[in-house]
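Dear colleague,

I am passing on the structure below, together with some notes on one part of it. Please read the notes with the coordinates open.

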Amino acid sequence: MSKSLQAIRGMNDILPEQTPLWRYFEGTVARLLDNYGYRQIRMPIVEFTELFKRSIGEVTDIVEKEMYTFDDRNGDSLTLRPEGTAACVRAVLEHGITGGGQVQKLWYVGPMFRHERPQKGRYRQFHQIGLEVFNLEGPDIDAELIVMTWRLWGELGLRDAVKLELNSLGTSESRGRYREALVEFLSAHIDKLDKDSQRRLKTNPLRVLDTKNPETQAILVDAPKMADYLDDESRAHFEGLKARLDAVGIPYVINPKLVRGLDYYSKTVFEWVTDKLGAQGTVCAGGRYDGLVEQMGGKPTPGVGFAMGIERLVLMLEALDKVPEELSRQVDVYLCAFGEAAELAALSLSERIRDQLPNLRLQINAGAGSFKSQFKKADKSGALYALILGDDELAQQVVGFKPLRGQGEQQSIAWDALAAHLATCVVQG
Ligand code: ATP
Ligand code: MG
């Protein structure tokens, strides 16, 4: 196939074999969020470029080199969203739903776009489930976000495979004082820093802490620590968060080098990381952004949120063999019909059964090949039972009912009794 007719590198189809696992994951998260009282919001995938520059920060990896930006036919500069927070903040401001201190607990799911080097766990179109909470400023809500993800890992069977890293970036004032101290320290070692870090020292010095370069990391061992520059309020907030995590029994490590790649964070930042995915180890990341709404033209409004990468979590479920057994079966009952009259009867019979059992997963394959080939398909579908409807069954108004997994003889069941019979033998989720 010519290259221009193929999918774009780093943008993947999610094939029918994979979608059950995606839906299981998304469904589990959605149910959890419902139960904690979060409401879904849906934002557009494209926004004005300016929105992302203003919120994420001009000197960040995302804005400097990862955005898909283009001019539309009016000449407006638009960008495919690289993350969800900016658009969510824009939406709540535009609709005035955080005004007057109204609390909003919102979540979203969908594709994000970043022009990065594609590799396992890193793509150019990827998917996030994220949430944002507005107008709650205490550590209890930071804790709720983390507790909720901890519960999610429990439900998915991933608790042993993830680790929580925490840090506090303080208020913008205390971060400013820390930045000065860091710049002073790093400037004294500038010759030994890697090229990227030398550049970041001038543009966004905190990001030097994020370096992957071993020599720069060695220098950072003696660098000043944010913890020593925290203002009293941020310190109390951080202690409050830790006390809550301790109370629930969630293990964590403090990582003083955790700064996150976006400019808008303040106070709490956290990441859930795993060593099961190679270099792409962060599966969920977030933090507090008390200054962002004001920076975007709103009234001062505390905010906190996180986003998790669906691809990485799906990869983890597969790698750790945590894919629930029942996902391999998408069909409960498979109805095979033979002969024109029987096919007609099969259609109306199956519709009657659907009326009575709306959750039954019933596949009908009338008119598709010989008895043998239909039976093969029934078996391959993973269905628990095959129903057989040919001329003989039609004459007697019955179906052959054949268990496909395990024991049990084929039996004859009257059409009128079929729904009741299926209800007793198919456990519906
Ligand atoms: P990383 O350090 O891996 O580049 P990030 O800090 O850029 O991640 P965030 O902007 O915090 O990531 O996004 C939240 C989550 O979204 C990440 O923890 C990750 O699970 C997922 N994610 C981010 N970028 C990608 C990508 N290009 N492909 C797949 N998932 C991604
Ligand atoms: Mg990144």
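This is a predicted model: local features need pLDDT of at least 70, side-chain atom pairs count only at pLDDT 80 or more; totals for chains, interfaces and linings use all residues.

Residues are numbered from 1 along each chain as its sequence is written, chains are lettered from A and ligands numbered from 1 in the order in which they are written, and side-chain values use heavy atoms, with hydrogens and water left out.

Five strands form an open sheet of mixed pairing, in the order β13-β12-β14-β15-β16 (strands are DSSP runs of E, at least two residues, and helices runs of H or I, at least four, numbered from the N terminus; two strands pair if DSSP finds at least two bridges between them). Because β13 (362-364) and β16 (411-414) each have a single partner strand, one side of each is left without a neighbour in the sheet. β12 (residues 333-337) runs parallel to β13, joined to it by three bridges, and Leu335 stands opposite Ile364 in β13.

Helix α13 (residues 371-380) packs on this sheet, touching β12, β14 (385-389) and β15 (398-403), where contact means heavy atoms within 4.5 Å. The buried residues of α13 are Gln374, Phe375 and Ala378, whereas Lys372, Lys376 and Lys380 are exposed on the face turned away from them (buried means under 20% relative accessible area, exposed over 50%, partly exposed in between, with a 1.4 Å probe and protein chains only). Those buried residues pack against β12, β14 and β15. Just after α13, Gly382 takes a positive phi of about 85°.

Best wishes

Key:
Axes are lines fitted to C-alpha atoms, for helices over the stretch in contact, and angles run from 0 to 180 degrees between N-to-C directions.
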